[in-house]
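Work through the exercises below with the structure open beside you, and try each task before you read its solution.

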Amino acid sequence: MAGKEVFALRINGREREVFARSDATLLEVLRDDLALRAAKRGCNQGVCGACTVLLDGVPVRGCLTLAGACTGREVTTLEGLAEDPITRALQETMIVSGGVQCGFCTSGMLVTARDLVAQTVTPTEGDIRKALSGNLCRCTGYVRIVEAVTDAVVALSQANTDTREAIQ
Amino acid sequence: MSTAFDIPAGTAVGKSTPKLENREKVTGRAEYIDDLYRPGMLHAAILGSPYPHARILSYDVSEALAAPGVVGVITGDDVPDGRMGAFIKDEHALAKGKVLYLGEPVAAIAAETLEQARAAVNLIIVDYEELPAVLSPEEGLAPDAPILHEKLKDYIKVFDAGSEGNLCSRTELTEGNVDAAWDRCAVIVEDEFETEPQAHVSLEPCGALAEVDAQGRVTLWSANQSVFRVQANVCESLQIPMSKLRSLTPRVGAGFGNKMEPHIQPITVALAMKTGRPVKCILTREEDFEIVRARHPFKIRMKTGADAQGRLIARDCEVLLDCGAFADDSPGVLGYALLMSGGPYRIPNQRARGKLVYTNKLRFGAYRGFGNPQVSFAGEQQIDEIAQKLGLDPIEIRRRNMLHEGDGWFVGPKIASNGLARCIDAVEAASGWRKGLQPPATPGTRRGKGIAVSAHISGLLGTGAIVRMLEDGTIALNTGATDIGQGSDTVLAQICAEALKLPVEMVSVASPDTDGSPYNWGTTASRVTYTTGRAVAGAAREVLRQAMEHASEMLDTPVEDLELREGGRIAVKGSNEDLPFAAISGRAHWAKGGPIVGHHTLVFDEPTHDPKRSIALGLPFPQIGVFSFGALIVDVEVDEVTGQTRVVEAWSAVDVGRAINPRLVEVQIEGGFVQGMGFALYEAMVWDGPRLVNPSLMDYKIPTSADTPHVHSIIVEDPEPNGPFGAKGAGEIGLNPVPAAIANALSAAIGGRARKVPMTPERVLNQLLEGGDAA
């Protein structure tokens, strides 16, 4: 069994020290040591995407990322995106679209969708389906998740227009 | 029949209210079983059997007990000789005396950390005497087959199962005279079909957390579809009085059938009792594949005959089901599959027979559709074949034969509402069926459309509701129904709010708790909206009756001159004089009459079998349910080189009686379609001898967003007379016709007939190359 060590991590903008097994994954540290449990353990194999978090702003699988590989880097979980405008827009459209069923995939789905919306000005349905294809959902058939992302993009662009008009 | 609740709908019912718990889910704050922790909690690991069939001779746990962090070990010697099971009580909490499938839990460890538990579990030594294994139903029925359950005859059974040897159960249903009817048929089609096992793959693996208090009473949280079935199973297997075990639920990460009957709860409770500490056991994804349950593989022989006009005259269906090592819900699946084997058609002569055989494999059990998708795959293709032989349009032959309101279903149950015709109309129009086929999107592909129709019950067994009016006139609803993500908490709150003309926000929904909730058989059989909804409407009606009596005294007006108004007010008819619920409830709490509480319970009690028209042997559900209907058209594209089949678009219409929450119904249709598409095209659990070789999401693929088409969901409403506001079930029917519709579309695209599910590229390519049947 692996020995334990102290990891100095920067998570959701805060410095955290965690004493955990040397081979602990980021997902284990987040869930078991830091009680940040939005990220879920669906397969522990990097397939389902329920554990998706951001590492230096890039979506990664928490279950495939060693905690030790995250020192000196910025880890962001869904909890840390609570004030992020894109995430908030996605949360609102997911609530009304029907894209949330059992909810087990939802955290990871939101983190991935947020990255897509941040990177792509006006994603097509094909873009959205491709971007989310590493996040499995067994409940919805994806129709309403895709719709939620589309609606969030519209809402955000409307908000941007409103802001620009207000400034002018 | 009168409606269960006759107040016209408007306030809450029919609105796509977002699910009540959605905000907690989108912020990551929803707590599932693995998110729960208790002080001093231990973690569990399980030792699985290395053999598919063996006698357990002895255990040596000394080394495991001495390992770092280990607090307790249990083996079959630590659990009583109690057996659990919904239909046949054949299963111990943990293997005892024998192991019956490879991977079956034989021992479990509780340790301070999960790593310690997993490390120590391999230190348990079990001495086995290996026995010959039964790996298929045919092997199980052979005269000299090794017997799995030597005491099968002595097990408690809840119906006439006809169990013998490795035959777990048999069912036979007959109406009319099938053998004499073939002579009157102008067209007869006959064939054999096979379907492979499908895994549920709820995104959340199964898990449980148990603790024992100072009095020895157990509290058990688990991922489940019924806190009451959990309680019954744990108490039966561990021989605990039901009053000594409280079963609760956190949020559940979906079920589809695999969390209805027990998974890891009995073992977790046994560990907590052994150690005196809280114990959490969460299955790995691999264990979730290997030791819970899966959709039955079916072998089907079906024969259907029609006259020259395409009117169906006879159908004969024979099925053979692999039960796996334990009965679980299998006898129900067999009986239900046979009941549904004729489809939603008038067929005067029908016979359906089947056998369910124990094998040394993982148990097969409940899975969304419950045997219906398998028999529909055969039956709906035969309807198309007959249409083809007679030169009829596939939609036309279905219209000619479909059941109507007032007809009896096969063996007897009466159909009170039937929106099938409107479902067919809807998908025909939406899909452009009459305009013919779209041209192939790309060269090198072939394209075709196919249709299949379906019916499914909602109903079964007992349920209840308690509606309490709080001091301020708001409402606390408690039903005991587990919301597994589909939104039943929201739907039941809408029914309650509608009945009391309150905004939904004024209704709270209690989490199921066997200590405080009325009995609910479970979130299964597409039943919660229909049966629990009826109980909610009945309990709300009782609350209203009591409130009216108070108001009558307070307003000095006879009850018949009072009316319920929007916002929860009781008013004098034709007057502005009224009272809010708050004033009424305040009086009830503090002055007169006592707090207002309404409750209502029911058991679905309309008989399945009408002995005047049919013969039924070994029927597992004497009282089954009401019928929902659906029609599905798919447009598929086949790659001529690889045989890969892609669904381009799908149109699915479902008659749900009344959509209490239309968006949630749509998502049931869409999600059911995609789960059915995975089953139809590529999902299959594969055994190499006794070993499941693909128990991981790496090797067992489920549909992703990139693989799935846009699914057009269409709601049809033909109100069920005794449904709550006319509602009936929506949970399973969207899945049932998917393999059949895809097979019919494939046939239109490339010719031939698909006879096996999944319709893998290899099988489709063979079907295409041979211009005939798939291998």
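**Exercise 1.** In this predicted model, find what share of the contacts in chain A between residues at least 6 apart in sequence joins residues at least 24 apart, and then describe the fold and the dimensions of the chain.

*Solution.* Begin with the contacts: among those in chain A between residues at least 6 apart in sequence, 59% link residues that are at least 24 apart. Next, count the secondary structure, which amounts to 5 helices and 5 strands in chain A, and read the order of these elements from the N terminus, which is β-β-α-β-β-β-α-α-α-α. The radius of gyration of chain A is 17 Å, close to the 15 Å that the globule rule gives for 168 residues, so chain A is as compact as a globular protein of that length. Along the principal axes, the C-alpha atoms of chain A fill a box of roughly 55 × 40 × 20 Å. Finally, consider burial: 53% of the 168 residues of chain A count as buried.

**Exercise 2.** Which residues of the largest nonpolar core touch the most other members, and which helix gives the core its largest share?

*Solution.* The core has 305 residues, and those that touch the most other members are B:A44, B:A108, B:I109, B:C496, B:V536, B:I742 and B:L746. Its largest share, 11 residues, comes from helix α14 (residues 528-555) of chain B. Now take B:C496 as an example: apart from its neighbours within four places in sequence, B:C496 is in contact with B:V467, B:I475, B:L477, B:V507, B:V536 and B:A540. As a general background, nonpolar side chains tend to be buried together in soluble globular proteins.

**Exercise 3.** Describe the side of chain B that touches chain A.

*Solution.* Start with the totals: 46 residues of chain B are in contact with 41 residues of chain A. On this side of chain B, at least two residues each are supplied by α1 (22-26), α3 (114-121), α16 (662-681) and β29 (710-716), and α16(B) gives the most, with 9 residues. Sorted by class, this side of chain B has 19 nonpolar, 15 polar and 12 charged residues.

Key
Residues numbered from 1 in each chain as written. Chains lettered and ligands numbered in written order. Predicted model: local features only at pLDDT ≥ 70, side-chain atom pairs only at ≥ 80, totals over all residues. Helix = DSSP H or I, 4+ residues; strand = E, 2+ residues; numbered from the N terminus. Rg over C-alpha atoms; globule rule 2.2 N^0.38 Å. Buried ≥ 20, exposed ≤ 12 C-beta atoms within 10 Å, placed from the backbone. Contact = placed C-beta atoms within 7 Å. Core = buried A, V, L, I, M, F, W, Y, C linked by C-beta atoms within 7 Å. Nonpolar A, V, L, I, M, F, W, Y, C, P; charged D, E, K, R; others polar.
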